Structures are given as C-alpha cells and as structure tokens.
Amino acid sequence: MGKRLTLYIVIAMLAGIGVGYALNAAYPAGSKVLADTADVLKLLPEVFLHLIKMILAPLILATLVTGIASMGDSSALGRIGGRALAWFITASLISISLGLVLVNLFQPGVGLNITSAAPVSDLATADFTLRHFVLEVFPTSALDAMAKNNVLQILVFSVFAGVGLSAMGEEGAPLVRGAEALATLMLTITDYVMRFAPFAVFGALASVIATRGVGILVTYGVFVGEFYLALLLLWLILLGLGGLFLGKRVVLLARYIREPLLLAFSTASSESALPKLFEQLDRFGVPRRISGFVLPLGYSFNLDGSMIYTSFATVFIAQAYNIPLSAGQQIAMLLVLMITSKGIAGVPRASLVVIAATLTQFGLPVEGVALLLGVDTFLDMGRSATNVVGNAVATSVITKWEGMLQVPMDPDAPEAMPPHDTPEHGRKGLHLDPEA
C-alpha cells in the first residue's frame with residue numbers, strides 16, 4: 001500500500017493543482033461561487049484532520065505503555081538504555097533547535113497571509129509562562145486528558161503506567177498484552193485513515209490554488225528546498241558527532257548504510273529500511289544483541305528527521321497565519337516537541353500527528369496542517385532517510401561506547417554473520433555473570 005499511496009498522493013496533488021487552477025481562471029477573485037466551491041473542497045482535508053485527531057490519544061497511550069513495559073529491569077539493558085536515551089535526547093535537542101533556527105532565518109511562511117477560519121487561542125499570543133507549562137503537563141484525570149486529546153498529560157500517565165506494569169511482572173502481563181493489541185488496532189486504523197490522504201491532498205491544494213492562484217506553489221517550492229537544506233546540515237552535524245566517537249570509521253558507516261538509506265528515501269518509510277539496516281550494521285561490526293535493543297528504541301525515541309520537520313513546519317504554519325511567536329514561546333514549543341514526538345514511530349506520516357497536537361497545545365490553527373499535505377510525501381522521503389542516518393550513527397556510537405564494536409566485514413558480502421563477543425567475553429556488554 002505504501003508505494004501505491006505515494007503514487008496516489010502525487011496524482012491527487014497534480015489533479016488538485018489542475019482543478020484549482022481551472023477554478024481560479026474560471027471565476028473572478030471574490031466570486032461567491034468560487035468561495036463556496038473552495039469551501040466544499042476544504043471539507044476533504046478537514047475530515048482527514050478529524051480522523052488524525054481520533055487516533056491520537058489511544059495510539060500514544062498504547063505505544064508508550066507497551067514500549068516502557070517491555071524494556072525489563074536488567075542492569076545491563078538499563079545502562080545501555082540510559083546511554084542510548086542520553087544520545088537520543090541530545091540529538092533531539094539538536095534537531096529541533098536547528099529546525100527552529102533555520103525556519104526563523106529563512107521565514108518560508110512569511111507573505112502567505114492566510115486567515116484562520118477559527119479564532120486563535122489566547123495561548124498563541126499571550127505569555128506562555130513556565131508555571132502554566134508545568135501545570136499543563138500533569139493530569140488530574142487520565143480519562144479527562146484522553147477526552148480532551150491533551151497529549152502532554154497522556155504521555156505523563158503513559159510513563160507511569162508503563163513503569164508500573166514493568167514493576168508488576170507477570171501480574172501486569174495481561175494489561176501489557178492488551179496495550180500491545182490496542183497499539184496494533186490503532187496502527188491498523190491509521191492505515192485505513194491514510195488511505196483517505198490522497199483525497200485530503202486533492203481538496204487542500206485545489207481549495208488553496210482556487211482562491212490564491214498558482215503563485216502559492218512558488219512558496220511551496222521554496223519551503224521544500226529550504227527544508228532539504230536543513231536536512232543536509234543535520235546530516236553533517238550527526239555524522240560529525242559520530243566521528244568524535246568512531247573517528248574515520250564514520251565515513252565507512254556512510255558506505256554501509258547506503259542501501260537502507262535509499263530504501264527509506266524511495267518508500268518514504270524508515271520502518272521499511274529496518275531489516276536491511278540490521279544486516280548492514282552486522283557487517284559494520286555492531287553485535288546484534290546491541291542493535292536489536294538500540295535500533296527499536298531509536299525508532300521510537302530518535303527520529304531526527306521527523307523532529308527537525310515538526311519544528312520547521314510548526315513555525316512555518318504560524319508564519320503563514322501571521323501569528324508571531326516569541327523566543328520564550330518557541331523554547332516552550334521545543335520542550336513540547338521533545339515529548340510529543342516520542343512513541344509513535346510506527347505511524348505513517350506520524351509527523352502530521354505531532355504537528356497537529358503541537359498546534360492544538362499552543363492554540364495555533366490546526367487547519368494549517370492542510371498547507372503541508374500537498375508536499376508532505378516529498379518531505380517524508382527526506383525525513384525518513386534522515387531517521388535512518390540518525391539511528392545508524394546512534395547505534396554505532398553506543399556500541400563503541402560499550403567497547404563492543406567489532407572489525408567490519410565486507411559490506412557486499414552475501415551473508416551477514418553478526419559477531420557475538422568481545423575480548424572481554426561480553427562483560428562490558430550484556431553478560432553480567434563474571435564467570436561468563
């Protein structure tokens with residue numbers, strides 16, 4: 001479905017441009033018929049956004065509870081997990097901060113002058129204080145947080161629930177299995193929702209171009225170009241940080257991951273590249289017992305491409321609606337994105353969910369997500385490839401940190417046999433028994 005969906009979205013995008021151009025040429029500016037037609041077309045992306053909101057709360061709850069409860073309590077896993085999370089948090093801060101800096105530098109949304117159909121919340125213009133932010137994080141009721149789609153509060157409850165279920169052991173196993181089933185259900189529903197994406201793309205582009213003309217495509221082109229420049233800078237930073245630990249071997253890593261990188265880019269899915277990434281990291285010298293733990297963790301907590309996109313796109317929408325955001329508000333947004341971008345890596349176009357949640361949290365116009373739908377496929381290709389780069393570097397660095405990085409194998413060898421032991425026989429890794 002993934003490749004067909006991308007094709008359908010491209011077709012819908014072209015059809016939306018054509019229909020929008022025809023309507024714009026057929027009716028004069030300010031025509032009531034044109035306005036009514038554009039309003040009907042806007043129903044398509046609005047329905048899509050409602051469906052995205054529908055899956056938000058249960059999806060975050062299920063995926064985060066399942067992930068935390070499944071981590072176990074091994075001291076070795078805890079140490080490696082702690083190091084992994086420290087790297088992930090650092091990379092997340094770099095990614096989101098770079099997105100905020102560059103979007104303020106490029107200002108791709110300035111000049112669109114789009115008017116929101118709904119009133120903008122006071123949160124978008126009033127001072128967003130630290131006290132308000134902290135109190136908004138902690139829920140008074142988990143059910144109320146889910147009913148209101150308050151993402152931060154859902155996340156806090158999910159962390160407590162996941163840690164609690166992990167501590168309960170076998171007694172909590174039925175609830176963990178229930179959370180796993182709920183996560184599978186929500187991902188299945190998400191797949192159904194994404195089948196409506198081409199219609200949303202068609203409606204969004206046709207409506208915008210019908211009322212504003214094809215000139216808006218120039219802004220889209222600039223937006224896409226500036227975002228890919230941001231991704232290029234992020235790649236250089238991530239590989240540079242990796243080089244501090246791996247030395248010249250980071251250049252070799254880039255060669256080893258070229259196949260999963262191209263797979264992620266062409267399918268616009270970092271998940272599709274995971275099996276090949278495991279194989280290539282085996283050949284690079286990463287033991288499977290390290291990559292088997294760190295990579296899945298990274299696919300939930302280390303989506304560098306997605307995170308730079310969320311900050312870049314969120315401020316772009318604020319600029320498009322002429323809503324100024326102070327430095328303090330953008331720092332608060334950085335903290336929100338640090339949290340809301342975790343735990344939903346398996347969702348197709350997950351960044352749209354995160355952006356919609358962040359817009360809601362800050363009272364910005366949620367319908368601004370429709371501005372991104374027409375080019376989201378092309379943006380998704382770049383950020384999916386970046387997610388692969390970020391996780392490959394993170395896994396290799398943590399393996400080196402543990403003293404378990406092996407001699408690399410031929411990257412073109414027909415079969416990858418992962419090495420299993422270091423000269424210390426794993427005592428610096430997962431083997432805790434001193435006699436092992």
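Over which residues does pLDDT stay under 50, and how many contacts beyond four places in sequence does the model have for them? The structure is a predicted model, and the stretch in question is residues 119-128, with 23 such contacts. Residues 343-348 also have a pLDDT below 50, and this stretch makes 21 contacts beyond near neighbours in sequence. For the chain, the mean pLDDT is 76, and 76% of the residues reach 70 or more. Confidence is lowest in helix H5 (residues 130-137), where the mean is 65. Helix H11 (residues 249-256) sits at the other end of the range, with the highest value, 88.

We can now turn to a pair of helices. Two packed helices are described by the angle between their axes and the distance between the axes. For helix H2 (residues 32-41) and helix H9 (residues 197-212), the axes come within 8 Å and cross at roughly 160°. Angles over 145 degrees count as roughly antiparallel, and H2 and H9 are therefore roughly antiparallel to each other. The crossing of H2 with H9 is left-handed. On the H2 side, the residues that meet H9 are Leu34, Ala38 and Leu41. Their partners in H9 are Phe202, Gly203, Ala206, Ser207, Ala210 and Thr211. Of the residues in this contact, six are nonpolar, three are polar and none is charged.

A single residue gives a final view of the chain. Valine 176 belongs to helix H8, which covers residues 173-194. Its relative accessible area is 12%, so valine 176 is buried, the cut-off being under 20%. Glycine 162 is 14 residues away from valine 176 along the chain, and their C-alpha atoms are separated by 8.4 Å.

How values were computed. Residues are numbered from 1 along each chain as its sequence is written. This is a predicted model: local features need pLDDT of at least 70, side-chain atom pairs count only at pLDDT 80 or more; totals for chains, interfaces and linings use all residues. Side-chain values use heavy atoms; hydrogens and water are left out. Helices (H or I, at least four residues) and strands (E, at least two) are DSSP runs, numbered from the N terminus. Buried means under 20% relative accessible area, exposed over 50%, partly exposed in between (1.4 Å probe, protein chains only). pLDDT is the predictor's confidence in each residue, from 0 to 100. Contact means heavy atoms within 4.5 Å. Axes are lines fitted to C-alpha atoms, for helices over the stretch in contact, and angles run from 0 to 180 degrees between N-to-C directions. Angles under 35 degrees count as roughly parallel, over 145 as roughly antiparallel, 65 to 115 as roughly perpendicular and the rest as oblique. A crossing is left-handed if the near helix is turned anticlockwise from the far one by less than a right angle, and right-handed if clockwise. Ala, Val, Leu, Ile, Met, Phe, Trp, Tyr, Cys and Pro count as nonpolar, Asp, Glu, Lys and Arg as charged, and the others, Gly among them, as polar.
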